[in-house]
Amino acid sequence: VPGHASADSTKRVGVLVLAHGGSTRWNRIVEEAVGQAGLEYPTEIAFGMGMSADEVEELQRAVDQLQERGVDQIVGVPLLVSSSSQVIRQLQYLLGLRDHGPWEARAQPVTVRAPVVMASPLDDDPVVADILLERALDLSREPEEEAVILVAHGPTEPADNAQWLGMMERLSAWIQREGRFRAVVPVTMQDDAPQPVLEEAIRRMRELVDRHSLEGRVLVVPLLIAPGGIEAKIPERLEGLRYVYSGETLLPHPKLAQWIARQVTAAIERRP
């Protein structure tokens, strides 16, 4: 890991990768990415949002595994799209990093003896922009005549959704400039939101694709972590419209494994 030598050698660091979790395929691809990161520290992966007894038990298992290996500090790496979500706040609560969580009535904090330092989720990291640009160019013929619609899962809360879209706007501006696309527009599906909110999100996504298809080709690119999740819902919800879609998510991609390693190093360098 770059910068490993600068870490305090008296502290034994453990890495806890926090991922939403999904199908067997989804989880396997995340596990492969963590392996490809080549971390030089004891590492565990905890899948789940921390809102059920089974998910909290999974988190406790991962923490226990690290502590049994004698770690003095734990670096949490949230392999999540955005820092503006109930999931990240719940995980911080369960790890003792905040006093309250959105689902604290369903789950109590795990037992953690070693101090935890939390890295940042993906947000608008340049690595995300690079991968999304690559996905879009794989579908592209004449960028100047094409619009890219970035589609993310999105949160349920309006304030969080506004933050997601702001983050995606920054990614979109970079992708449009570097890819020379006619337009790059973000949208969230808000897949877990109440039915009226979900229906409005689907209507908005369809309207964007339909409107931009009148001016040229439309490339729909998912801003999702791994395949085997909701990427299959996108073509279902865009049925009857004209667009190009491959369903390729951020993973598998070597740059995301490099991002994991970089997040660990950055967290270690800023710890007390």
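Analyst: First, a term. Buried means under 20% relative accessible area, with a 1.4 Å probe and protein chains only. Also, this is a predicted model.

User: OK, what share of the residues counts as buried?
Analyst: Of the 272 residues, 55% count as buried.

User: And the radius of gyration, what would a compact globule have?
Analyst: Near 19 Å for 272 residues. The protein has 19 Å, so the two agree.

User: What box do the C-alpha atoms fill?
Analyst: Roughly 60 × 40 × 30 Å, along the principal axes.

User: How many helices and strands?
Analyst: Eight helices and eight strands.

User: What part of the contacts comes from residues 24 or more positions apart?
Analyst: Such pairs make up 76% of the contacts with a separation of 6 or more.

User: Switching to packing. At what angle do helix 4 and helix 5 pack?
Analyst: About 50°, and their axes are 10 Å apart. Helix 4 covers residues 126-139 and helix 5 covers residues 158-179. That angle makes helix 4 oblique to helix 5.

User: Is the crossing left-handed or right-handed?
Analyst: Helix 4 and helix 5 cross in a right-handed way.

User: Which residues make the contact?
Analyst: Helix 4 brings Val128, Ala129, Asp130, Leu132 and Leu133. Helix 5 brings Leu171, Trp174, Ile175, Glu178 and Gly179.

User: How many are nonpolar, polar and charged?
Analyst: The contact of helix 4 with helix 5 has seven nonpolar residues, one polar and two charged.

Definitions and conventions: Residues numbered from 1 in each chain as written. Predicted model: local features only at pLDDT ≥ 70, side-chain atom pairs only at ≥ 80, totals over all residues. Heavy atoms only, no water. Axes fitted to C-alpha atoms, helices over the stretch in contact; angles between N-to-C directions. Helix = DSSP H or I, 4+ residues; strand = E, 2+ residues; numbered from the N terminus. Parallel < 35°, antiparallel > 145°, perpendicular 65-115°, else oblique. Left-handed = near helix turned anticlockwise from the far one by under 90°. Contact = heavy atoms within 4.5 Å. Nonpolar A, V, L, I, M, F, W, Y, C, P; charged D, E, K, R; others polar. Rg over C-alpha atoms; globule rule 2.2 N^0.38 Å. Buried < 20%, exposed > 50% of the residue type's maximum accessible area, 1.4 Å probe, protein only.
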